[in-house]
Amino acid sequence: MPVKAQVLDGEGIRKVLVRIAHEIAERQPADAALALVGIRSRGELLARRLARLLEEFTRVMVPVGALDITLYRDDLGLLSSNPVVHATEIPFDVTGRRLVIVDDVLFTGRTVRAAMDALADLGRPQTLELAVLVDRGHRELPIKADYVGKNMPTAREELVQVRLSESDGIDEVVIEEKQP
Amino acid sequence: MTRWTRKDLLGLEELSKEEILLLLDQARAFKEISLRPIKKVPALRGRTVALCFLEPSTRTRASFELAAKRLSADLLSFQGNSSSLVKGETVVDTARNIEAMHVDVMVLRHNTSGIPALVARSVKTSIVNAGDGSHEHPTQGLVDLYTIQEKKGRIEGLNVLIVGDVLHSRVARSDFWGLTKLGARVTLCGPPTLVPAPMEALGAKIAFRLDEALPQADVVIALRLQLERQQERYIPSFREYTKLYGIDQEKLARAKPDLIVMHPGPVNRGVELSPEVADGPQSVILDQVTNGIAVRMAALYLVAGASHSEPADLPAPQPDPAEVGT
């Protein structure tokens, strides 16, 4: 797929995460039971990076969970075969927590809707916020992020690829054009 | 990664190694759901699963029923003795009627080998074989694979000993196919009347003496001695069978200390397993029952996904958000 532009490089991603971590820390009440929930797979990696930064800034351990939203997708009946499910691993009780959902790209909002439903089945968090590395617009549901790394206007047909060194060997965000 | 494209799950013989691994991998993802306070996900919301058990069953039926409910599917139950089959309707006609009620998945148990395959060819509904005659019991085979993988960390290279009435056992056949495809060495052990010699040609080792075969085993799967077949004189007496092929603590003492003991249930206590062994620290029989739900959730989820009616009048599926980021 032809790459149209690199929007963030490794340093860009690092700076954005540092800022988001500061913003999360700034908005938490002192006694908050904060935890991060990353949406598999890259949201989980970003959540782990944010947790490390938060620990560095606040000297408080922040638990991280990984959420698979496949079983909560609203298009399950429309796909030609059911997508592979990965395990949900939330190693803490979500009830009463201040949770931040972390994902790489915010697009239609349908993944976040699924994540909220999935978390509601696990308990009753005190608050639920959303942090994303990239907001590319084109929402189909009334959903808005609380922490945004980069607002990136895109055409609907374009693809936004987030690559992270843990899974892809490189840190970058690129816009790709779909083949006609 | 492999995608599941089969309409039906009829047996492990026809599956590739990759398809078996996909089923086990999905079962691993589903296991956590049964540990939640709210044991339910909406994956099969609005879908209907029919349980057609035309032969008695408690555990497999309960396991499929819970699996379907935990996926939010609606359930329809048929039993052999209360259905129109006793009035002379053929099983294919029954299946066509169930299909006409827009059921998505039919879980079928029948005492004749091959009936699920016959039904699968006759209807568009997905068929999951829950045991047919002495042919296959694929979900039980998957449960055994899953449990071995969970307890031993691997399957490849293990020595697995299947003891007892192999001749009539569909579990033994599913276990054999699954284990062989995943690289385990399978030994079948029992009296010559109950171990079919042609299975040697398929790659199984055959042993007639349990005391000689047991010490090499990493896993032993004891099969239920089918008491109802006793009058057919496959064995001289229960006492002799138990002495030669029953697993008790004395025989276990000469086996590997990390041997695990499995049984598909129901156990004839004091026949194939002594009570001390069935309840002992090496027994994983109840783990098999627990894992059964996760495995059957995986089977229903994958099969239901492949059974969708052709989405001709629906918008083209959006790209997988896991890949593009939604």
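Of the 180 residues of chain A, 41% count as buried, a residue being buried if 20 or more other C-beta atoms lie within 10 Å of its own, exposed if 12 or fewer, and partly exposed in between, with C-beta atoms placed from the backbone. The structure is a predicted model, in which local features need pLDDT of at least 70 and side-chain atom pairs count only at pLDDT 80 or more, while totals for chains, interfaces and linings use all residues. Residues are numbered from 1 along each chain as its sequence is written, and chains are lettered from A and ligands numbered from 1 in the order in which they are written.

Chain A contains four helices and eight strands, where helices (H or I, at least four residues) and strands (E, at least two) are DSSP runs numbered from the N terminus. Their order along the sequence is β-α-β-α-β-β-α-β-β-β-α-β. The radius of gyration of chain A is 16 Å, close to the 16 Å given by the globule rule for 180 residues, so the chain is as compact as a globular protein of that length; the radius is taken over C-alpha atoms, and the rule is 2.2 Å times the number of residues to the power 0.38. The C-alpha trace of chain A spans about 55 × 40 × 30 Å along its principal axes. Among contacts in chain A between residues at least 6 apart in sequence, 69% join residues at least 24 apart, two residues being in contact if their C-beta atoms, placed from the backbone, lie within 7 Å.

In chain A, strands β2 and β3 run parallel and are joined by four bridges; two strands pair if DSSP finds at least two bridges between them. Gly38(A) stands opposite Ala66(A) of β3(A). From strand β3 (residues 64-67) of chain A, Val64(A) and Ala66(A) point one way and Gly65(A) and Leu67(A) the other way, and all are buried.

Two backbone features of chain A fall in loops. The peptide bond from Arg40(A) to Ser41(A) is cis, with omega near 0°, and Ser41(A) lies between β2 (34-39) and α2 (42-58) of chain A. His138(A), which is not a glycine, has a positive phi of about 65°. This residue is in the loop between β5 (127-135) and β6 (147-151) of chain A and is partly exposed, with 15 other C-beta atoms within 10 Å.

Chain B shows corresponding kinds of feature. Gly265(B) and Pro266(B) are joined by a cis peptide bond with omega of about -10°, and Pro266(B) is placed in the loop between β9 (260-262) and α10 (275-278) of chain B. His102(B) has a positive phi, near 60°, and lies in the loop between α3 (91-100) and β3 (105-110) of chain B. His102(B) is exposed, with 10 other C-beta atoms within 10 Å.

The domain assignment of chain B gives domain 1 (17-135 + 289-308) and domain 2 (138-284), with bounds that come from an automatic or database domain assignment. The centres of the two domains of chain B, taken over C-alpha atoms, are 26 Å apart. Contacts between them involve 18 residues of domain 1 and 16 residues of domain 2 of chain B. On the domain 1 side, α1 (17-31), β4 (126-132) and α11 of chain B each supply at least two residues. By class, this side has seven nonpolar, seven polar and four charged residues; Ala, Val, Leu, Ile, Met, Phe, Trp, Tyr, Cys and Pro count as nonpolar, Asp, Glu, Lys and Arg as charged, and the others, Gly among them, as polar.

The largest nonpolar core has 150 residues, and those with the most contacts inside it are Val107(B), Ile162(B), Val220(B) and Leu300(B). Such a core is a set of buried Ala, Val, Leu, Ile, Met, Phe, Trp, Tyr and Cys residues joined through C-beta atoms within 7 Å. Helix α11 (residues 285-306) of chain B gives the most to this core, with eleven residues. At least three residues of the core come from each of domain 1 and domain 2 of chain B. Leaving aside neighbours within four places in sequence, the contacts of Val107(B) include Val49(B), Leu51(B), Phe64(B) and Val128(B).

Strand β1 (residues 48-53) of chain B is mostly covered, with five of its six residues buried. Six bridges join β1(B) to the parallel strand β2 (residues 74-79) of chain B, in which Leu75(B) is the bridge partner of Val49(B).
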